[in-house]
Amino acid sequence: MIRLGDHLMIVPVVLPLFVGAVMLVLGGERSRNVNAALNVATTLALVAVGIALVREADASPTGVSGVYRLGGWPAPFAIVLVVDRLAALMVLLTSIVAVAAVVFSVVRWHRVGIFFHPLFQFLLMGINGAFLTGDLFNLFVFFEVLLAASYGLALHGSGSARIMAGMHYIVINLAASLLFLIGVSLIYGVCGTLNMADLAARIPSIHAENRALAEAGAGILSIAFLVKAGMWPLCFWLPATYAAAPPPVSAIFAILTKVGACIVLRLWLLLFGDAAGASAQFGGEWLLLGGMATVAFGAIGSLASQDMARLAAFSVLVSSGTVLAAIGMGQVGVTGAALFYLISSTLGLAAFFLLVELVERGREPGADVLAVTRELYGEEHELDESEEVGIAIPATMGMLGLTFIACALVISGLPPLSGFIAKFALLTSALNPQGVQGGTVSAAAWVFAVILILSGLAALIAMTRAGIRVFWASPDRAVPRVRLLEMAPVAILLLLCAMQTIQAGPILRFMQATAQSLHAPHDYIRAVLGPVVEGPNGATGGT
Amino acid sequence: METILALGIGVLAGSGVWLILRPRTFQVIVGLSLLSYAVNLFILAMGRLGSEVAPLLADRAAGDPAQYADPLPQALVLTAIVISFATTALFLVVLLASRGLTGTDHVDGREREP
């Protein structure tokens with residue numbers, strides 16, 4: 001008999017589905033305000049559910065707080081949802097960013113097209129489902145749900161820039177979905193199961209002749225996730241799409257790259273962890289190298305970008321590359337620090353995407369290109385000096401400037417905000433593989449450390465330059481009209497970063513516990529498959 | 001039968017890949033459709049090939065699994081077909097919108113400079 005409280009773990013999937021359907025019935029145009037209220041209420045409820053799930057997962061000794069067997073079937077034969085620390089944490093993070101995005105959109109952006117709110121709910125359903133599911137094919141379905149919703153949201157508001165960027169986004173992701181299917185079916189053909197825990201139990205005992213096929217399947221599968229995570233060289237669609245999407249949508253899209261990274265993290269450690277026999281650590285070096293290349297590409301791109309939305313999009317690449325490279329290091333400490341970094345950078349980036357729109361609102365398009373040409377040709381002295389004297393900074397610009405500085409601190413990783421602690425934790429754990437006593441540091445760790453520091457420097461330079469250009473060096477700009485309701489989400493996201501700094505100790509301990517259970521997934525496998533883990537009978541699968 | 005199926009998948013996938021690398025949006029959407037056919041056949045093939053075998057066990061007798069077809073890939077294919085159909089329809093709408101807004105059917109929204 002299942003307790004009522006156990007149904008809490010399916011709420012993050014069912015609630016958005018239900019509310020989205022109700023919104024569709026209510027109609028897109030006519031009842032937009034009702035839909036907006038419903039959307040805010042639902043996302044707030046999801047935050048509460050997320051907090052409850054995180055508490056429950058943290059309190060349980062194994063880290064796996066519950067397995068939801070849909071239809072009551074025993075595990076390997078039907079779909080399961082699994083709540084462990086990582087899933088609960090990501091559901092909470094998603095709903096927090098969702099609240100910020102929805103509140104921001106209510107002032108203005110939900111009016112530029114129809115069906116913003118239902119699509120948003122379906123997107124949340126897909127993201128939460130992808131984090132919670134314990135079945136590979138079910139993961140595919142949730143992926144498609146979130147992608148289909150994201151296509152609609154990326155095109156929200158129409159316009160040729162969005163359509164052009166959106167078309168590339170859709171084609172890339174349709175192709176990636178096909179690769180996903182090929183990978184899943186290869187793995188099924190070799191292992192005879194699609195349940196993640198069952199797969200983890202069977203992979204160590206695959207026959208040698210089939211091992212290459214299973215690894216090829218996993219490799220193809222991972223490409224689908226890495227496209228989503230934006231790993232170089234699969235990331236060229238990302239900057240244009242994220243810069244062109246409406247700001248509240250870009251803010252929630254900051255989570256989408258993390259969906260890819262988190263699934264890679266879970267599947268890689270589950271299927272190819274230390275217990276995987278001959279396949280242990282399969283593909284780890286590719287994650288490491290690809291992650292570092294992504295960081296380099298993102299840093300160069302952010303230095304080269306002319307407008308702030310593109311700068312934010314390239315910062316997304318830097319952030320997801322850092323997480324991927326840290327996962328590829330394959331050490332418990334680095335993984336924990338990477339999770340801390342993931343939270344901090346996602347919050348910071350979401351705030352930055354929202355802020356960019358507020359700042360850009362007062363500027364005519366093309367002003368950035370003009371500013372650059374002015375710098376190049378040394379024309380900045382042509383301005384009338386007398387005008388600049390004695391202009392007080394308006395309060396709005398002051399607020400925007402302060403929040404911009406906070407965003408820059410989080411994203412580039414300077415003290416005192418959480419970005420610094422995240423990077424410090426990453427560096428410490430990468431350079432001290434055996435704890436503080438020392439031990440040999442691998443060459444990869446040194447390269448990782450150098451790239452991490454340089455990417456921070458690049459982000460700082462790019463952000464400083466953009467800040468100077470926007471806040472100081474534009475004499476004839478109109479002050480953007482900003483509502484309090486639009487400023488509040490940005491401020492809340494940044495306050496959460498500040499809270500993450502103050503509570504860094506407990507949060508880091510939680511992340512380390514998460515990383516430990518990810519690296520030693522026997523509790524996860526036992527929770528899903530029941531107390532008796534099956535032996536290697538039928539492990540070669542198929543018929 | 002294996003050879004025919006392998007050839008079929010290969011031809012479909014090859015044509016699909018060639019088409020999605022073409023510059024016109026219509027070629028891309030046809031390419032994606034061909035690729036999804038290839039992938040669907042591939043999923044079926046991963047359930048092992050066999051003709052005239054029942055997907056369910058007869059008369060509660062387990063017997064030899066080789067005598068039965070694997071029902072799971074068929075369920076997977078069904079889901080995959082529905083999803084790829086829906087996303088193709090969605091892409092078709094975007095394609096038309098792009099044609100209307102940019103006035104060209106090039107995937108980049110503008111013709112290459114001569």
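This briefing covers the contact between chains A and B, one residue of chain B, and the make-up of chain A. The model is predicted, and the points below should be read with that in mind. In the contact between the two chains, chain B takes part with 30 residues and chain A with 24 residues.

**The side of chain B that touches chain A**

- Two elements of chain B, helix 2 (25-46) and helix 3 (71-102), each give two or more residues to the side that touches chain A.
- Of the elements on this side, helix 3 of chain B gives the most, its share being 14 residues.
- Sorted by class, the residues of chain B on the side that touches chain A comprise 21 nonpolar, six polar and three charged ones.

**B:Gly31**

- B:Gly31 lies in helix 2 of chain B, which is one of the elements giving two or more residues to the side of chain B that touches chain A.
- B:Gly31 counts as buried because it has 20 C-beta neighbours inside 10 Å, and the cut-off for a buried residue is 20 or more.
- When neighbours within four places in sequence are left aside, B:Gly31 is in contact with B:Gly16, B:Leu19 and B:Ile20.
- Between B:Gly31 and B:Leu21, which are ten residues apart in sequence, the C-alpha to C-alpha distance is 8.5 Å.

**Chain A**

- Chain A contains 21 helices and two strands, and of its 543 residues 56% count as buried.
- Among the contacts in chain A with a separation of 6 or more, 81% are accounted for by residues 24 or more positions apart.

Terms used: Residues are numbered from 1 along each chain as its sequence is written. Chains are lettered from A and ligands numbered from 1 in the order in which they are written. This is a predicted model: local features need pLDDT of at least 70, side-chain atom pairs count only at pLDDT 80 or more; totals for chains, interfaces and linings use all residues. Two residues are in contact if their C-beta atoms, placed from the backbone, lie within 7 Å. Helices (H or I, at least four residues) and strands (E, at least two) are DSSP runs, numbered from the N terminus. Ala, Val, Leu, Ile, Met, Phe, Trp, Tyr, Cys and Pro count as nonpolar, Asp, Glu, Lys and Arg as charged, and the others, Gly among them, as polar. A residue is buried if 20 or more other C-beta atoms lie within 10 Å of its own, exposed if 12 or fewer, and partly exposed in between; C-beta atoms are placed from the backbone.
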